[in-house]
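Work through the exercises below with the sequence and the structure at hand. Each task is followed by its solution.

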Amino acid sequence: MTSDAELIQQTATGDRGAFEDLYRRYARPVFGMALRRLGDRGRAEDAVQETFASIWRSASSYRPERGPGAPWLYAVARNAIVDRARSRYEPPTEVPDEPAHEAGPPEKAEQSWVAWRVHRALEGLPEREREVLSLAYWSELSQSEVAEFLGIPLGTVKTRTRAALARLADLLEGELE
């Protein structure tokens, strides 16, 4: 069976068969994720369509050395779902009376550093643990969905998640306070 990474790389070269294989492999889980987040079948279908259109257009941006193909694909899906969710809300027509509570430049710089440091610490985890965290936190899958996706027992997912989070806490101890 061809790996997700290989299918994404083949899709980047215009291979329609590889793209169809990716679609067959991931359309249902992406639809399920979209339906849970959006709560509307039509909008979820639109999100799936946008996900795979984005994959077709941006498959060349996938870098296998940065991780497995599934988390990359789920990140593309999550972005499409978030875009669909945002399109439902219209911006306010009046200027608010109160100042915005958004982060300013110092807070944004701090958030950026924290994100970079966590990313670096994740690179220090064993692949199995990193994969479980990637699917759970960046692809927003439940532990049951991660277990089903990876074809491993739920208990194994929980053990790997607990070990990975403990290892991350050790790696980042005292840095993120």
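**Exercise 1.** In this predicted model, find which residues Ser54 is in contact with, leaving aside its neighbours within four places in sequence. Then decide whether Ser54 is buried or exposed.

Solution. Start with the position: Ser54 lies in helix 3, residues 41-58. Beyond the excluded neighbours, Ser54 is in contact with Ala59 and Val76. The relative accessibility of Ser54 is 16%. Buried means under 20%, so Ser54 counts as buried.

**Exercise 2.** Which residues of the largest nonpolar core touch the most other members, and which elements give two or more residues to this core?

Solution. The core has 35 residues, and Tyr26, Ile55 and Tyr74 touch the most other members. Two or more residues come from each of helix 1 (4-12), helix 2 (16-38), helix 3, helix 4 (69-88), helix 6 and helix 7 (143-150). Helix 2 gives the most, with 10 residues. Next, take Tyr74: not counting residues up to four places away in sequence, Tyr74 touches Tyr26, Pro29, Val30, Met33, Leu135, Ser139, Leu141 and Phe149. Finally, a second, separate core has 7 residues, among them Leu122, Leu125, Leu133 and Ala164.

**Exercise 3.** Locate the nonpolar surface patch that includes Trp138, and classify Trp138 by its relative accessibility.

Solution. The patch is formed by Tyr137, Trp138 and Leu165, which together have about 310 Å² of accessible area. Trp138 belongs to helix 6, residues 127-138. The relative accessibility of Trp138 is 40%. Buried is under 20% and exposed is over 50%, with partly exposed in between, so Trp138 counts as partly exposed.

Key
Residues are numbered from 1 along each chain as its sequence is written. This is a predicted model: local features need pLDDT of at least 70, side-chain atom pairs count only at pLDDT 80 or more; totals for chains, interfaces and linings use all residues. Side-chain values use heavy atoms; hydrogens and water are left out. Helices (H or I, at least four residues) and strands (E, at least two) are DSSP runs, numbered from the N terminus. Buried means under 20% relative accessible area, exposed over 50%, partly exposed in between (1.4 Å probe, protein chains only). Contact means heavy atoms within 4.5 Å. Patches are made of residues with over 30% relative accessible area and no salt bridge: like charges are joined within 9 Å, nonpolar side chains (Val, Leu, Ile, Met, Phe, Trp, Tyr) within 5 Å. Accessible areas come from the Shrake-Rupley method with a 1.4 Å probe; for residues, only the protein chains shown count as cover. A salt bridge is a side-chain nitrogen of Lys or Arg within 4 Å of a carboxyl oxygen of Asp or Glu. A nonpolar core is a set of buried Ala, Val, Leu, Ile, Met, Phe, Trp, Tyr and Cys residues joined through side-chain atoms within 4.5 Å.
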